[in-house]
Amino acid sequence: MSVSTIVPWVIGNWKMNPATADVQKWAQQFNQCLQLAPIAQQQCNIAVAPTYLSLISLKENFTGYNRTVHVVAQDVSRFPGTGAYTGDISAQLLQDAHVSYVLVGHSERRELLGDDTQILCAKIKHALDAGLTVVYCVGESLAQRENGEAEAVVLQQVKDIVPVVSADQWEDRIIIAYEPIWAIGTGKTASADDAQAMHAKIREGLKQITAASDRVAILYGGSVKPENAADFAACPDINGALVGGASLSATSFYKIAASFAGKK
Ligand code: PEP
């Protein structure tokens, strides 16, 4: 298997948006797009990370579609199982609710919500133990890029989770999302060449960690939109996109998924 045979992933991250009524409208519009021009399962994996409030209802909406669309939790508790952890949702509860994917390490959680390496590793360990697949986000700040530290920072973030990911879990239980922090929600994107260069470095770094380095999906995130998706999709080491702002529009998100589907 070579990198080019990885089925791409396009994942929408809705963050702390939108209200329940909008979710239903989004689901209807996205379904219409898929009805008009289907995207085959083997061309592109599609997933959406809504707030916890909409996770289950959106999952139910997706059961009526002509293809699988996954739901992804935006976060998971650092504590396993059940217990007195007010406000938290554990990996086991997600698994009980048939939610099989979770985002961990998004820069907003690292920067604003206190998720350090120890917490991230605990979250990933419990998610993997519960059978979930983890979308693990990495990325450098603008200052780190300007100081020439981007590569070292990103590769260290990948290495940080080695203690909690077993050799066989890298291939199909970990998806890496490279999201340069300066490109998230700013309208600035890394150029496709710069993104490809970092993705190639990440894959090279993965070679020291797992024999499955060529089979690990590495997504790009940072102001991906319909206008630039095809450029990223054309890069050999970019296996999909994590999409914030543009995923709030069903038609924009569909177009991005269609761009990556066209890659195969
Ligand atoms: C994100 O939040 O993961 C993201 C990539 O956001 P945006 O697409 O809005 O930059």
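In this predicted model, an oxygen atom of the ligand lies 3.5 Å from an N or O atom in the side chain of N13. A polar contact here is a pair of N or O atoms within 3.5 Å; within protein, one of the two must be able to donate a hydrogen and the other to accept it, and residues adjacent in sequence count only if both atoms are side-chain atoms. The side chain of E179 also reaches the ligand, with a polar atom 2.6 Å from a ligand oxygen. At G185 it is a polar backbone atom that lies 2.6 Å from an oxygen atom of the ligand. In total, 14 residues are around the ligand, and K15, E179, G185, S223 and G245 come nearest; a residue counts as near a molecule or strand if one of its heavy atoms lies within 4 Å of it.

Residues are numbered from 1 along each chain as its sequence is written, and side-chain values use heavy atoms, with hydrogens and water left out. As the model is predicted, local features need pLDDT of at least 70 and side-chain atom pairs count only at pLDDT 80 or more, while totals for chains, interfaces and linings use all residues.

The unreviewed UniProt entry marks H106 and E179 as "active site"; UniProt positions are given in the numbering used here, feature names are shortened, and annotations may be inferred rather than shown by experiment. The two residues are spread over 74 residues of sequence, yet they cluster in space, with a largest C-alpha distance of 8.4 Å. From this set, E179 belongs to the lining of the largest cavity. On a 1 Å grid over the protein atoms alone, a cavity is a set of points where a 1.4 Å probe fits but cannot get out, and lining residues have an atom within 4 Å of a point.

Both annotated residues sit in loops. H106 lies between β4 (101–104) and α4 (107–112), and E179 is found between β6 (174–178) and α9 (192–207); helices (H or I, at least four residues) and strands (E, at least two) are DSSP runs, numbered from the N terminus. H106 counts as buried because its relative accessibility is 6%, and E179 is likewise buried, with a relative accessible area of 5%. Buried means under 20% relative accessible area, exposed over 50%, and partly exposed in between (1.4 Å probe, protein chains only).

The surroundings of this pair can be read from their contacts (heavy atoms within 4.5 Å). Leaving aside neighbours within four places in sequence, H106 touches N13, K15, C137, E179 and I184. With the same exclusion, the contacts of E179 include H106, C137, V138, G139 and E140, along with G221 and G222. The side chains of E179 and H106 are joined by a polar contact of 3.4 Å. The H106 side chain also makes a polar contact of 3.5 Å with the side chain of N13, the residue whose side chain has an N or O atom 3.5 Å from a ligand oxygen.

K15, one of the residues that come nearest to the ligand, has a positive phi of about 50° although it is not a glycine. K15 is in the loop between β1 (9–13) and α1 (20–36). H98, also not a glycine, has a positive phi of about 60° and is placed in the loop between α3 (91–96) and β4. H98 counts as exposed, at 57% relative accessibility.

Turning to charged pairs, the structure holds 9 salt bridges, each being a side-chain nitrogen of Lys or Arg within 4 Å of a carboxyl oxygen of Asp or Glu. One of them joins D129 and K125 at 2.6 Å, N to O. Both residues lie in helix α5 (residues 117–129), 4 residues apart, or about one turn of the helix. D129 is exposed at 55% relative accessibility, whereas K125 is partly exposed at 37%. Another salt bridge pairs D237 with R203, the closest N and O atoms being 2.6 Å apart. This pair links distant parts of the chain, 34 residues apart: D237 is in the loop between α10 (226–233) and β8 (240–243), and R203 is in helix α9. D237 is buried at 12% relative accessibility, and R203 is buried at 4%. Salt bridges that share partners also join D75, R109, D115 and K123 into one network.

Terms used
On a 1 Å grid over the protein atoms alone, a cavity is a set of points where a 1.4 Å probe fits but cannot get out, and a pocket is an open set with protein on both sides within 12 Å along at least five of seven lines; lining residues have an atom within 4 Å of a point.
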